[in-house]
Amino acid sequence: MDYDYKKMKKKLIIFGSDRDLLELCKFFFEEEEKVEVVGFTMNEDFISKKFENRKILGVEIYSFEKIEKLFPPNEFNMFVALGYSELNEFRERICLEAINKGYFLESYISKKITKFKTFKHGYNCFILEDNTIQPFAKIGNGVTLWSGNHIGHHSVINDFCFLTSHVVISGAVEVGRNTFIGVNSTVNDSIKIGKKCIIGSGTLISKNVNDYSVVRAKQSSTSEIPSYDWKKEK
């Protein structure tokens with residue numbers, strides 16, 4: 001789905017449950033995009049259990065089950081601010097529910113990324129500062145790229161993936177939908193990673209990865225000698 005910039009700049013409702021992520025999203029949309037965030041929304045049972053005064057960060061929280069009656073989709077847009085819970089499926093599910101309610105889902109694309117005129121992305125993307133996205137790379141719907149990643153030319157990041165920070169995706173790579181890739185991982189050229197995979201932090205991927213795989217780097221060992229016994233440099 002190509003992103004329709006003409007639908008941007010309406011007032012915004014943000015779905016989310018994590019305080020820090022909501023605060024980040026509110027900051028980015030209001031400071032960079034100059035979009036007013038008029039409220040947060042969550043499922044009613046979650047609000048009732050967690051938020052007695054129905055506010056977070058001084059902002060009202062509204063029931064997602066009734067949100068379209070309070071904030072009509074023809075007047076307001078929505079952003080779904082969720083992480084990688086359930087292998088990104090929770091974010092995907094809420095996005096689809098919001099679309100079924102009639103909402104256009106905003107994306108946040110930092111103005112501090114490196115991109116080219118071929119750059120395209122889907123709805124509800126969250127792409128933070130210092131990402132480099134080379135020509136002919138494609139970013140699907142609901143993709144999160146945290147800070148400082150490299151997405152190589154002709155690579156495809158499919159729907160609802162989550163890349164943390166300082167991940168290197170080399171040229172002509174395909175990352176299957178709902179996949180999570182941890183900090184400081186590297187994927188070599190022309191690799192295909194299947195759907196719903198977990199790639200652990202610091203992992204080097206040099207061959208194709210099947211669907212539903214978990215790939216982990218070898219954990220660093222701790223020396224038996226404490227730091228105070230190491231010789232000081234002269």
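Predicted model: local features only at pLDDT ≥ 70, side-chain atom pairs only at ≥ 80, totals over all residues.
1. Residues are numbered from 1 along each chain as its sequence is written, and side-chain values use heavy atoms, with hydrogens and water left out.

2. On the cores: Ile-127 belongs to the largest nonpolar core, of 26 residues, and is one of those touching the most other members, along with Ile-139, Ile-151, Ile-157, Leu-163, Ile-169 and Ile-193. Another core, of 21 residues, lies apart from it and includes Leu-12, Leu-22, Phe-51 and Ile-56. A nonpolar core is a set of buried Ala, Val, Leu, Ile, Met, Phe, Trp, Tyr and Cys residues joined through side-chain atoms within 4.5 Å; buried means under 20% relative accessible area, with a 1.4 Å probe and protein chains only.

3. Now to helix α1 (residues 19-31). Helices are DSSP runs of H or I with at least four residues, strands are runs of E with at least two, and both are numbered from the N terminus.

4. Which residues of α1 are buried? They are Leu-21, Leu-22, Cys-25, Phe-28 and Phe-29. These cover an arc of only 135° around the axis, which puts them on the same side of α1; the arc is that of the directions from the helix axis to the C-beta atoms. Their packing partners are β1 (11-16), β2 (37-42), β3 (55-56), β5 (76-81), β6 (108-109) and β8 (126-127).

5. The open sheet has five strands in the order β3-β4-β2-β1-β5, with mixed pairing. Because β3 and β5 stand at the edges, each with a single partner strand, one side of each is left without a neighbour in the sheet. Two strands pair if DSSP finds at least two bridges between them.

6. Lastly, β5 itself: six of its six residues are buried, so β5 is largely enclosed by the rest of the structure. Phe-76, Met-78 and Val-80 cover one side, and Asn-77, Phe-79 and Ala-81 the other. β5 runs parallel to β1, joined by six bridges, and Asn-77 in β5 is the bridge partner of Leu-12.

Key. Buried < 20%, exposed > 50% of the residue type's maximum accessible area, 1.4 Å probe, protein only. Contact = heavy atoms within 4.5 Å.
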